[in-house]
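Open the model in your viewer and keep the selection tool at hand. This tour goes stop by stop, saying what to pick and what is there.

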Amino acid sequence: MPNGPTNLLGLNRQQMEGFLQGLGEKPFRAVQLLKWIHQQGVTDFDAMTNIAKPLREKLKSVAEIRPPRVRDVFDAQDGCYKWIVEVESGSGVEMVYIPEAGRGTLCISSQAGCSLDCSFCATGKQGFNSDLTSAEIIGQLWLANRELGAFDPPSAGKGTRPITNVVMMGMGEPLLNFDNVMTSLSVMMDDNCYGLSKRRVTVSTSGVVPALRRMREFTDASLAISLHAPNDELRNQIVPINRKYPIRELLAATKDYLAALPDNRQATIEYILIAGVNDHRQHARELAALLKDVPCKINLIPFNPFEGSDYQRSSNAAISNFRKLLQDAGYTVTIRTTRGDEIGAACGQLVGQVDDRTRRNARHLAKLAAEAEVELARAEAAQPVRIRPAGRMG
Ligand code: SAH
Ligand code: SF4
């Protein structure tokens, strides 16, 4: 075992079958293992009562089921939770749980940091540290299920599934960690694991076009496109990857992905509203014209401020004008309400604890640290945030 034990948490069904075959075992055991791990939350091979003792012993010697460690848990007054999850590179990444009537959404991370440096994003400002492994991506869903009591015996738990939706909208660009994200999506949607519907698992991308073009071979998950600007000139400034893959190519790839799905799925077009930058009436009109042929709904996201950013959230009047113009043009438009703001869990506020490998943002980080000290002093004087120690929630 030159590379240490294989972490079975990160294997999808096909990979689990391959792993078992490599041990000289029957592939049907894969389903048993997946159910133990992802439906019962078992990490101890000895608890797998339908697996014969010799195989359990063999598994113990070559494999492990090792979820990432929870470093911190924060809970907000509005029912949101944010966890800081430790990954192998030493960074902490964030995942957020947002309960709503009839559904629970888990927002998970795909990378520690992000290399794409969108001008409005706290994650991007930190730089990039590492890709998460598939065990670390699926491990977030596993951990949230454990923390929310979903693995507890039916007599102890409520018997309902707390997580009905997963969005890859935490830290990182999912399509830049393609293989591990695709593997994780298949585990999320496998009926032997979490059985999430393809409509309720969403990959959000800022537009890595070649990866988007490959995606359909591996998944039929839903798609969110972080557009944020109605023309290349503006998008080049706020979403730098646009300089490589301009809007026309991004929307063409989006349409092709949707067209290859058997159902009439729509993409979600994400559009942050930043005061004086992209929230003018003319931008709304341009956006309406741009998306004419794209099956989509539009999600407007009022910019969430974070330390070190000079941008401001658009005014309520600007937000409702923007929405009205799009609605009048025939679009379904939602406005994302800000949840989890007080615990820094809102969109674009996710920073985790990332050590930037590129050092690109050292200056920015120094500024953040100085500001954080001031904030801390202020916070100590005011009411403390409710922080719980890591571990199971009661
Ligand atoms: N990298 C991917 C997924 C992570 S970002 C992407 O960009 O799509 C998830 C969402 O949060 C995106 O729609 C992103 O644009 C949005 N976001 C980033 N910073 C934000 C901020 N400061 N306020 C509100 N939303 C933000
Ligand atoms: Fe990366 Fe998405 Fe943030 Fe842009 S918005 S820097 S792609 S995480």
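In which hand, left or right, does α10 cross α11? Select both helices to find out. This is a predicted model, so every stop describes a prediction.

**Stop 1: α10 and α11**

Pick residues 281–290 for helix α10 and residues 316–328 for helix α11. Their axes lie 9 Å apart, at an angle of about 30°. Angles under 35 degrees count as roughly parallel, so α10 is roughly parallel to α11. The crossing of α10 over α11 is right-handed. Now show side chains. On α10, the contact uses Arg 281, Ala 284, Arg 285, Leu 287 and Ala 288. On α11, the partners are Asn 321, Phe 322, Leu 325 and Leu 326.

**Stop 2: the whole protein**

Zoom out. The protein has 394 residues, and 44% of them are buried.

**Stop 3: the largest nonpolar core**

This core holds 102 residues. Select Leu 106, Leu 141, Val 166, Met 188 and Tyr 271, the residues with the most contacts inside it. Helix α5, residues 134–147, gives the core its largest share, 7 residues. Colour domain 1 (6–64) and domain 2 (69–367) separately; each supplies at least three residues to this core.

Which residues does Val 166 touch, leaving aside neighbours within four places in sequence? Centre on Val 166. Its contacts are Leu 106, Ile 108, Leu 141, Met 188, Leu 196 and Val 201.

**Stop 4: α5 and α6**

From α5, select Ser 134, Ile 137, Ile 138 and Leu 141. They meet Asn 180, Val 181, Thr 183, Ser 184, Val 187 and Met 188 of α6. Leu 141 and Met 188 are also among the core residues with the most contacts.

**Stop 5: α2**

Last, go to helix α2, residues 29–39. Which of its residues are buried? Select Arg 29, Ala 30, Leu 33, Leu 34, Trp 36, Ile 37 and His 38. Their cover includes α1 (13–22), α5 and α6. Then step past the end of α2 to Gly 41. The phi of Gly 41 is positive, near 70°.

Definitions and conventions:
Residues are numbered from 1 along each chain as its sequence is written. Chains are lettered from A and ligands numbered from 1 in the order in which they are written. This is a predicted model: local features need pLDDT of at least 70, side-chain atom pairs count only at pLDDT 80 or more; totals for chains, interfaces and linings use all residues. A residue is buried if 20 or more other C-beta atoms lie within 10 Å of its own, exposed if 12 or fewer, and partly exposed in between; C-beta atoms are placed from the backbone. A nonpolar core is a set of buried Ala, Val, Leu, Ile, Met, Phe, Trp, Tyr and Cys residues joined through C-beta atoms within 7 Å. Helices (H or I, at least four residues) and strands (E, at least two) are DSSP runs, numbered from the N terminus. Domain bounds come from an automatic or database domain assignment. Two residues are in contact if their C-beta atoms, placed from the backbone, lie within 7 Å. Axes are lines fitted to C-alpha atoms, for helices over the stretch in contact, and angles run from 0 to 180 degrees between N-to-C directions. Angles under 35 degrees count as roughly parallel, over 145 as roughly antiparallel, 65 to 115 as roughly perpendicular and the rest as oblique. A crossing is left-handed if the near helix is turned anticlockwise from the far one by less than a right angle, and right-handed if clockwise.
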